[in-house]
Amino acid sequence: MADFKRVRESKSRYCESLKKIKDIYLLNQEDISAEEIAEYLGNDVSAHKSVFPTAIYSFLRGMKPLSEFENSNPFIRTFGDVTS
């Protein structure tokens with residue numbers, strides 16, 4: 001039973017992160033700074049507190065042209081965005 005509860009809590013955390021990503025992305029918040037993203041999505045080494053949500057957000061953001069990093073390749077844009 002304890003394993004089920006742990007899995008359920010883990011899924012809930014990921015769902016919360018996905019909802020936050022959806023909120024930011026659908027609002028077309030392109031002017032959000034890296035610091036604001038880290039604050040909103042988390043800035044921790046654990047997957048559910050930062051790695052997972054920030055990586056997905058960065059990937060989605062890189063799919064569209066970025067004013068601060070001009071390049072036609074979405075992968076290069078994503079990489080440039082996350083390393084800046």
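These are my notebook entries on a predicted model of one protein chain.

**Ground rules.** I number residues from 1 along each chain as its sequence is written, and I leave hydrogens and water out, using heavy atoms for side-chain values. Because the model is predicted, I take local features only at pLDDT of at least 70 and side-chain atom pairs only at pLDDT 80 or more, while totals for chains, interfaces and linings use all residues.

**Entry 1, overall layout.** I looked up the secondary structure and found four helices and zero strands. Helices here are DSSP runs of H or I with at least four residues, strands are runs of E with at least two, and the numbering starts at the N terminus. The order from the N terminus is α-α-α-α. The chain has 84 residues, of which 23% are buried. I use buried for under 20% relative accessible area, exposed for over 50% and partly exposed for what lies in between, with a 1.4 Å probe and protein chains only. Areas are from the Shrake-Rupley method with a 1.4 Å probe, and for residues only the protein chains shown count as cover. I also looked at contacts, meaning heavy atoms within 4.5 Å. Of the contacts with a separation of 6 or more, 35% join residues 24 or more positions apart.

I searched for aromatic pairs, that is, rings of Phe, Tyr and Trp (its six-membered ring) with centres within 6.5 Å; planes under 30 degrees apart are stacked, over 60 edge-to-face, and the rest tilted. The count is one aromatic pair. Phe75 and Phe79 form this stacked pair, at 6.4 Å centre to centre with 20° between the planes. Both residues belong to helix H4 (residues 74–83) and sit four residues apart, about one turn of the helix. Is Phe75 buried or exposed? Phe75 is exposed, because its relative accessible area is 57%.

I then noted that Phe75, Ile76, Phe79 and Val82 make a nonpolar surface patch of about 400 Å². A patch takes residues with over 30% relative accessible area and no salt bridge, joining like charges within 9 Å and nonpolar side chains (Val, Leu, Ile, Met, Phe, Trp, Tyr) within 5 Å. A salt bridge needs a side-chain nitrogen of Lys or Arg within 4 Å of a carboxyl oxygen of Asp or Glu.

Elsewhere, Lys20 lies over the face of Tyr40, 5.5 Å from the ring centre. The rule asks for NZ of Lys or CZ of Arg within 6 Å of the ring centre and within 35 degrees of the ring normal.

Thr78 is in helix H4 and counts as buried because its relative accessibility is 13%. Arg61, in helix H3 (residues 51–62), is buried at 10% relative accessible area.

Glu70 is in the loop between H3 and H4 and is exposed, at 73% relative accessible area. Glu70 and Gly80 are 10 residues apart in sequence and 9.4 Å apart C-alpha to C-alpha.
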